[in-house]
Amino acid sequence: MNVLPLAFGAVPAYVAGAVGAGLVDDIEGRTHGHLDCGAVAAKHLLGVLADVGRADLAVTVATRPDRPDWGIWHRLGMETLMEAWDDTARSHNHHFLGAASAWIQQRVGGLRSTSPG
């Protein structure tokens, strides 16, 4: 529940650190590094983790080799974005859970648009 308020700057500055720490504690303690949010929050999760100083945890979440996490697709030999976390997904060309790819391109690789077009 803390991902979107942090992503959109809706958390007052004087508690933003505590809210970010709560998100980190939840991911490390309760989910053990697994993704545990809806698709809308998943789009922002890795960037928010990096913004609160935990890019290492963002990498952990992005690469976990079991469900629910993007790393499962690599382990299963998938080369595209799936609609679900297993190889029986109906769509194998689905941007729905593509946030990890975008985060790698933009935050890790530094590839961002500098102008429209």
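A pocket here is an open set of points on a 1 Å grid over the protein atoms alone, where a 1.4 Å probe fits, with protein on both sides within 12 Å along at least five of seven lines; its lining residues have an atom within 4 Å of a point. A volume is the space filled by probe spheres set on the points, which are joined across faces, edges and corners.

The model is predicted: local features need pLDDT of at least 70 and side-chain atom pairs pLDDT 80 or more, while totals for chains, interfaces and linings use all residues. Numbering runs from 1 along each chain as its sequence is written, and side-chain values use heavy atoms, without hydrogens and water.

**Stop 1: the largest pocket.** Select K43, H44, A99, A102 and Q106, which lie nearest the centre of the largest pocket. Its volume is about 400 Å³, and 19 residues line it. Now select helix 3 (39-51), which gives the most to this lining, with eight residues. Helix 6 (99-108) also supplies at least two. Helices are DSSP runs of H or I with at least four residues, numbered from the N terminus. The lining comprises 11 nonpolar, five polar and three charged residues (nonpolar: Ala, Val, Leu, Ile, Met, Phe, Trp, Tyr, Cys and Pro; charged: Asp, Glu, Lys and Arg; polar: the others, Gly among them).

**Stop 2: the second largest pocket.** Select A62, W70, A100, S101 and I104, the residues nearest its centre among the 17 of the lining. The space here is about 320 Å³. Helix 6 provides the largest share of this lining, five residues.

**Stop 3: the core.** Select L23, L45, L46, L49, V61 and W70, which have the most contacts inside the largest nonpolar core, a set of 27 residues. Such a core joins buried Ala, Val, Leu, Ile, Met, Phe, Trp, Tyr and Cys residues through side-chain atoms within 4.5 Å. Buried means under 20% relative accessible area (1.4 Å probe, protein chains only), exposed over 50%, and partly exposed in between. Helix 3 gives the most to this core, with six residues. Centre on L45: beyond its neighbours within four places in sequence, L45 is in contact (heavy atoms within 4.5 Å) with V3, L23, I27, L35, C37 and V61.

**Stop 4: the tryptophans.** Select W70, W73 and W85, which form one aromatic cluster. Rings of Phe, Tyr and Trp (its six-membered ring) pair if their centres lie within 6.5 Å; planes under 30 degrees apart count as stacked, over 60 as edge-to-face and the rest as tilted. W70 and W85 are edge-to-face, 6.2 Å centre to centre with 80° between the planes. W70 is buried at 6% relative accessibility, and W85 is buried at 14%. W73 and W85 are stacked, at 5.2 Å and 25°.
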